[in-house]
Amino acid sequence: MGDDERDGLLADAVGLREQGRQEEARDRLVELATRYPDDAEVAYQTAWAHDVLGLEAEAVPFYERALKAPGPGPGSGLSPEDRRGALLGLGSTLRVLGRYEEAVATLRGAAEEFPDNGALRTFLAMALFNTGEHHESARLLLNLVAATSDDPSVRHYRRAIEYYARDLDETV
């Protein structure tokens, strides 16, 4: 199968998922992943197809395969946007599966790699909460709210929120 055929089949499968035909999309993507075991984009889309069906345990190996594939380019490696999505997907999926420490490690690394992505920090905060790191979880969320909120009252208190987020136990 040539690159053009692979690209067409992948686009068709993604289109099925986007149309709400998740089972059919998953079947096609699993077949493509078998044909292209080292293709990061196919692995990422296959992971995503499992995730939307609530098949998180089955999604994990595909996320891992996508993230381990060699460098960028068609058929190998992920674009930065897809890499971010795969890291978020893997971290979130690990958290849902109760693999909290792995989720924190994945999401912490992803948040360092993509520091401007609020979704990664939000999912990291959830995983930190699950590991009992409540202060770090709240700190992340408070800083995210302070930095991104359009609420005028939050914006008015932004500096105070950021200050107290550094040490939630501080008293005078």
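Modeller: Arg 28 and Glu 24 are both part of helix α2, four residues apart, about one turn of the helix. Note that the model is predicted.

Colleague: What makes the contact of Arg 28 and Glu 24 a salt bridge?

Modeller: The N to O distance between their side chains is 3.3 Å. The cut-off is 4 Å between a side-chain nitrogen of Lys or Arg and a carboxyl oxygen of Asp or Glu, so the pair qualifies. Salt bridges that share partners also join Arg 6, Asp 7, Asp 39 and Glu 41 into one network.

Colleague: Which other salt bridge does Glu 24 form?

Modeller: Glu 24 also meets the side chain of Arg 21, at 2.8 Å from N to O.

Colleague: Where in the chain are Arg 6 and Asp 39, and how many residues apart?

Modeller: Their side chains meet in a salt bridge of 2.8 Å, N to O. Arg 6 is in helix α1 and Asp 39 in the loop between α2 and α3; at 33 residues apart, the pair links distant parts of the chain. By the salt-bridge rule the count comes to eleven.

Colleague: Buried or exposed: how do you class Arg 6 and Asp 39?

Modeller: Arg 6 has a relative accessible area of 3%, and Asp 39 has 3%. Both values are under 20%, so both residues count as buried.

Colleague: How many aromatic pairs are there?

Modeller: A search of the whole structure finds two. One of them joins Tyr 44 and Trp 48, with 5.8 Å from centre to centre and 35 degrees between the planes.

Colleague: Why is the pair of Tyr 44 and Trp 48 called tilted?

Modeller: The centres are within the 6.5 Å limit, and 35 degrees is neither under 30 (stacked) nor over 60 (edge-to-face), so the pair is tilted. Tyr 44 and Trp 48 both lie in helix α3 (residues 40-52), four residues apart. Tyr 44 is buried at 7% relative accessible area, whereas Trp 48 is partly exposed at 33%.

Colleague: What is the class of the pair formed by Tyr 163 and Tyr 164, and why?

Modeller: Their centres are 5.1 Å apart and the planes make 80 degrees. That angle is over 60, so the pair is edge-to-face. Tyr 163, at 37%, is partly exposed, and Tyr 164, at 47%, is partly exposed.

Colleague: How do you know that the charged end of Arg 17 sits over the ring of Trp 48?

Modeller: The charged end of Arg 17 is 3.7 Å from the ring centre.

Colleague: Which residues have the most contacts inside the largest nonpolar core?

Modeller: They are Tyr 63, Leu 78 and Leu 124, in a core of 38 residues. Elements giving it two or more residues include α1 (3-18), α2 (22-35) and α7 (118-130).

Colleague: And how many helices and strands does the chain have?

Modeller: Ten helices and zero strands. Of its 172 residues, 37% are buried.

Notes:
Residues are numbered from 1 along each chain as its sequence is written. This is a predicted model: local features need pLDDT of at least 70, side-chain atom pairs count only at pLDDT 80 or more; totals for chains, interfaces and linings use all residues. Side-chain values use heavy atoms; hydrogens and water are left out. Rings of Phe, Tyr and Trp (its six-membered ring) pair if their centres lie within 6.5 Å; planes under 30 degrees apart count as stacked, over 60 as edge-to-face and the rest as tilted. Buried means under 20% relative accessible area, exposed over 50%, partly exposed in between (1.4 Å probe, protein chains only). A charge sits over a ring if NZ of Lys or CZ of Arg is within 6 Å of the ring centre and within 35 degrees of the ring normal. A nonpolar core is a set of buried Ala, Val, Leu, Ile, Met, Phe, Trp, Tyr and Cys residues joined through side-chain atoms within 4.5 Å.
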